[in-house]
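The following note sets out points for a colleague who is reading the structure alongside the sequence.

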Amino acid sequence: MKSQVSIIKCSTYSQEELFLKVKQSVELVGGIEKFIKRGSKVLLKPNLLMAIEPEAGITTHPEFVRSVIRLLKEIDCKIYLGDGPSVFGGNAEDIFKVYERTGIKKIAEEEKTELVIFDKRFMHGYFPLTTWVKECDCVVSLPKFKTHSFMFLTGAIKNLFGLIPGSFKLECHKNFFQQEKFAGVLLDIYQAVKPALTIVDGILGIEGNGPATSGIKRNFGLILAGADGLAIDALLAKLMNIQPEYVFTNKEAAFRNIGNVDENNIEIKGEKLSSCIIADFKLPDASFKQFLVNKFPGFIANILKKLITIHPKIDSDACRLCESCIKNCPQQTMSVQEGKPVRQWFGIPNSQSHKPVRQWFGIPNSQSHKLVIDYAQCISCFCCQEACPYGAIATKKSFLSRVLGI
Ligand code: SF4
Ligand code: SF4
């Protein structure tokens, strides 16, 4: 059976207009009551990656969340709203900072919706999930349309990773550090949770080296909705102007024969797909790995992967030594080390203030300390890049990668 997915054009977060567009996106695939029973307890799961303003395009916009709350209120649902951002280990104080800065706390108060934290867990096979998944009748997922340096796309499937409470997320990265294996974990979570409905905030999103501050903010002006998260991710890939199988989770889903990642098995409602494709979409640097995986047989791809590597690279000028990346590194391979005493010789103040005097004299980095990565231990998971609030982690390609232009 074909999966239905709606695509709607919408370039505003203005409350009334946005509500009508979100409602239209759901009506095009059958209306809210097709997916959620009247009076249900619903866990609403936005993407709240870090404590950052909604204008950054990194987190699901609070007005988008408000629109879905209003839609669920129309069928008398009891709504619980929350996320478990990967940067934090479930510490309530940190999570509430995220809720505050992303604007979620404010709309939760205004809409009289209960904000929850994922501090209790139950085991589902080999991974834990927040108990809110069990306590609610269903999950409604509200992903953001963003690239991802490790997994290529942050869409419907990756959004559910936040349902794993606390530090087990880092364990997953450590134990399943190959993208194909990590894709398997994400699909296991998707199959366990089976969200009743997914509505993508693709209005303001991230291209390039997403999903956080190292990416590039862009107004895509789109909303997608449907029950089949894999069909949604397949269409997001098409919108990025690539084939769905470039996204590891889509490829693994096709192998497992779950969801519909083949465009021929997706019924698109609303806009024509061809009118929404972003021809000049900037892919993450890590796209070369997908290139290898998809173009070469396994054993050749494995040899090439060893020669064509990609690692995080610290921009010492932008780094403020906040240590968020260190906390988020599953390999514990990052540390702050004492830098060169150039600053002290010349009496130049700390570079964190970005004083131009350092640039006039061509002095590299005047910080007395700097962040270093032990590349021998690095698994290129890019959790550090995801955690950095200051866009201070770029990517470093190996010589062969640059020569081949991939
Ligand atoms: S340094 Fe970054 S990419 Fe390397 S293992 Fe740590 S978090 Fe992952
Ligand atoms: S690279 Fe980013 S996250 Fe890491 S210490 Fe520097 S500013 Fe903080």
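Strands, as the term is used here, are DSSP runs of E of at least two residues, and they are numbered from the N terminus. The model under review is a predicted one.

1. Strand S10 and Gly205. In that sense of the word, strand S10 covers residues 197-208, and Gly205 lies in it. Gly205 counts as buried because it has 29 C-beta neighbours inside 10 Å, the cut-off for a buried residue being 20 or more. Apart from residues up to four places away in sequence, Gly205 touches Gly57, Lys144, Phe145, Lys146, Arg218 and Phe220.

2. Overall composition. The protein chain contains 17 helices and 16 strands. Of its 406 residues, 48% are buried. Among the contacts in the chain with a separation of 6 or more, 78% are between residues 24 or more positions apart.

3. Cys10. Where in the chain is Cys10 found? Cys10 is in the loop between strand S1 (3-9) and helix H1 (15-27). Although in a loop, Cys10 counts as buried because 21 C-beta neighbours lie inside 10 Å. With neighbours within four places in sequence set aside, the contacts of Cys10 are Leu18, Lys21, Ile203, Gly221, Leu222 and Ile223. Cys10 and Phe220 are 210 residues apart in sequence, and the distance between their C-alpha atoms is 8.6 Å. Phe220 is also among the residues that Gly205 touches.

4. Tyr80. Strand S3 (residues 78-81) holds Tyr80. Is Tyr80 buried or partly exposed? Tyr80 has 18 C-beta neighbours inside 10 Å and therefore counts as partly exposed. Beyond its neighbours within four places in sequence, Tyr80 is in contact with Lys41, Leu43, Leu44, Glu114, Val116, Trp132 and Cys136.

5. Helix H9. Helix H9 is largely enclosed by the rest of the structure, because 11 of its 11 residues are buried. The buried residues of H9 include Asp233 and Lys238, along with Gly229, Leu230 and Ala231. Just after H9, Asn241 takes a positive phi of about 70 degrees.

6. Packing of H9 with H10. Two packed helices are described by the angle between their axes and the distance between the axes. For helix H9 (residues 229-239) and helix H10 (residues 248-256), the angle is about 130 degrees and the axes are 10 Å apart. The two helices are therefore oblique to each other, and H9 passes H10 in a left-handed crossing. From H9, the contact takes in Leu230, Asp233, Ala234 and Ala237, while H10 supplies Thr249, Asn250 and Ala253. Sorted by class, the residues of this contact are 4 nonpolar, 2 polar and 1 charged.

7. Packing of H8 with H10. How do H8 and H10 lie relative to each other? The axes of helix H8 (residues 179-193) and H10 cross at roughly 70 degrees and come within 9 Å. H8 and H10 are therefore roughly perpendicular to each other, and their crossing is right-handed. On the H8 side the contact is made by Gln179, Glu180, Ala183, Gly184, Leu186 and Leu187, and on the H10 side by Phe248, Thr249, Glu252, Ala253 and Arg256. By class, this contact has 5 nonpolar, 3 polar and 3 charged residues. Thr249 and Ala253 of H10 take part here, and both also belong to the contact with H9.

8. Which residues come nearest to ligand 1? There are 13 residues around ligand 1, of which Cys329, Gln331, Cys378, Cys381 and Cys384 come nearest. The shell consists of 10 nonpolar and 3 polar residues, with no charged residues.

Conventions:
Residues are numbered from 1 along each chain as its sequence is written. Chains are lettered from A and ligands numbered from 1 in the order in which they are written. This is a predicted model: local features need pLDDT of at least 70, side-chain atom pairs count only at pLDDT 80 or more; totals for chains, interfaces and linings use all residues. Helices (H or I, at least four residues) and strands (E, at least two) are DSSP runs, numbered from the N terminus. A residue is buried if 20 or more other C-beta atoms lie within 10 Å of its own, exposed if 12 or fewer, and partly exposed in between; C-beta atoms are placed from the backbone. Two residues are in contact if their C-beta atoms, placed from the backbone, lie within 7 Å. A residue is near a molecule or strand if its C-beta atom, placed from the backbone, lies within 6 Å of it. Ala, Val, Leu, Ile, Met, Phe, Trp, Tyr, Cys and Pro count as nonpolar, Asp, Glu, Lys and Arg as charged, and the others, Gly among them, as polar. Axes are lines fitted to C-alpha atoms, for helices over the stretch in contact, and angles run from 0 to 180 degrees between N-to-C directions. Angles under 35 degrees count as roughly parallel, over 145 as roughly antiparallel, 65 to 115 as roughly perpendicular and the rest as oblique. A crossing is left-handed if the near helix is turned anticlockwise from the far one by less than a right angle, and right-handed if clockwise.
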